[in-house]
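Please read these notes with the sequence and the model side by side. They go through the parts one at a time.

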Amino acid sequence: MSNLYDIKKIRSDFPQLTIKLKKNPLIYLDSAATTLKPKEVIDKLSDLYLFKTANIHRAAHELSQNLSTDYETARENVANFINAKQNEVIFTKGTTESINFVAQSYAKYFSKGSEIIISSLEHHSNILPWQNIAKEYGLVLKFIKCLPSGELDFNHFTSLISKKTKLLALTICSNALGIINPVKDYINVAKKNKIKILLDAAQSISSNITDVKKLDADFLVFSGHKIFAPTGIGVLWVKENLLETLKPYQVGGGMISSVDKNSYALACAPYRFEAGTPPIVQAISLGHALNYVKNIGLQNIHDYEKSLLTALDEGLSKIDGVKIIGPLKSRVNICSFTVEGVHSSDIGQLLSVQGICVRTGNHCAQPLVVEELGINTGLTRISLSIYNNLEEVVACVDSVKKCLEMLR
Ligand code: PLP
């Protein structure tokens, strides 16, 4: 494990790790659902609510001006974190809203019969918005199939492309299996075929370097709560050349340059896309959370989590009947498994009694789990984050072993 990584210090940053569940110390292995929050981010958040409350971009008074500056600094932090320009960063309330935004705003450029390609690995949030617009505008939705390993079939992707293909919406990391897709290969092919690309970075943002310039997609989305920030804040990154053509999907205060009784003129981007009072405190807290991550270093995080995952895979694979889905080389911090004849929810409940939090079921990825992989018992998903340690991994493997002895 990395010597640069001060796990003791990091664990002490997360007060929730000190709680007990049913008299057992908490072992939180559900960070793919949402991460715990560091005290310094929450302290800054409560300071904003307790002493700095105001609305932004509107008043001449000092509180409003200070908070407006903090909000724009948060936008700058996000831009720096993903190597974007500041005006390309739009605050939303999460990944789901960001994808719906693109689907609703961009669909008007598609004609009847246009095709959208998504993958079988997607979270429902990157399926349903496309199903909706496909029905509404008469578009065709195509799914890239998985290989038996759970990885996407690249050849199948290339075979799906036609002259009518307009958009590829692809997750960087599968939330159900933890498989990281080689998205650059997909982007290169899409570009050659003049296909626009949306990347879902919800699951990859906290442990993989995200560089929108290098990736060269058109849209990228993620949620703050998956990277140590509060809920209710997300990001939609839009490549600068598309900002003018993208239509705001909702309208209201704060996004106009002028209004009369019949019409309005839009403010410049990104403000034109942020109608109404935005999630001010949440956005500023996201900025702090990103600074927290930057101080540890994403490469350190990636290496540390991978070392824990390797130990976890090793331990679980020794348990009779456990089948891990997806090769270790393609994953960083998620291990999902099935056990023949055992339903995942039984495992989840027995682990919970021992203070261990994991997620079970279809993971908002029913087309993948049920249709593609044919799994009817659900998956048990163990997801790791910066604050987990080797002792927790060993304890979890031990508990899974005991659970299965009881259940069989
Ligand atoms: N996409 C992926 C890959 C996810 O993991 C999630 C959440 O689990 C989402 C989208 C939806 O994110 P949110 O619920 O924060 O909008």
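1. Basis. This is a predicted model, in which local features need pLDDT of at least 70 and side-chain atom pairs count only at pLDDT 80 or more, while totals for chains, interfaces and linings use all residues. Residues are numbered from 1 along each chain as its sequence is written, and side-chain values use heavy atoms, with hydrogens and water left out.

2. Domains. The protein is divided into domain 1 (7–30 + 297–407) and domain 2 (43–294); such bounds come from an automatic or database domain assignment. Between the C-alpha centres of domain 1 and domain 2 there are 28 Å. Across the boundary, 32 residues of domain 1 are in contact with 29 residues of domain 2, where contact means heavy atoms within 4.5 Å.

3. Ile7. This residue is in helix H1 (residues 7–12). Helices (H or I, at least four residues) and strands (E, at least two) are DSSP runs, numbered from the N terminus. Ile7 and Ile386 are 379 residues apart in sequence, yet their C-alpha atoms are 7.8 Å apart in space. Leaving aside neighbours within four places in sequence, Ile7 is in contact with Tyr304, Ile386, Tyr387, Asn388 and Asn389.

4. Helix H5. Which residues of H5 (residues 128–137) are buried? They are Pro129, Trp130, Ile133 and Ala134. These residues lie on the same side of H5, because they cover an arc of only 135 degrees around the axis; the arc is that of the directions from the helix axis to the C-beta atoms. On the other side of H5, Lys135 and Glu136 are exposed. Here buried means under 20% relative accessible area and exposed over 50%, with partly exposed in between (1.4 Å probe, protein chains only).

5. Around H5. The cover over the buried residues of H5 includes helix H4 (95–106) and the strands S5 (115–119), S6 (140–144), S7 (165–171) and S8 (196–200). After H5 comes Gly138, which has a positive phi, near 70 degrees.

6. Ligand. Among the residues that surround the ligand are Thr95, His123, Asp200, Gln203, Ser223 and Lys226; a residue counts as near if one of its heavy atoms lies within 4 Å. An oxygen atom of the ligand is 2.4 Å from an N or O atom in the side chain of Lys226. For Gln203, a polar side-chain atom lies 2.7 Å from an oxygen atom of the ligand, and for His123 the corresponding distance is 3.4 Å. The protein covers 86% of the 390 Å² of accessible area that the ligand has on its own, as given by the Shrake-Rupley method with a 1.4 Å probe.

7. Phe91. Strand S4 (residues 89–92) holds Phe91, which is buried at a relative accessible area of 5%. Not counting residues up to four places away in sequence, Phe91 touches several residues, including Arg75, Ile233 and Leu286.

Technical notes. A polar contact is a pair of N or O atoms within 3.5 Å; within protein, one must be able to donate a hydrogen and the other to accept it, and residues adjacent in sequence count only if both atoms are side-chain atoms.
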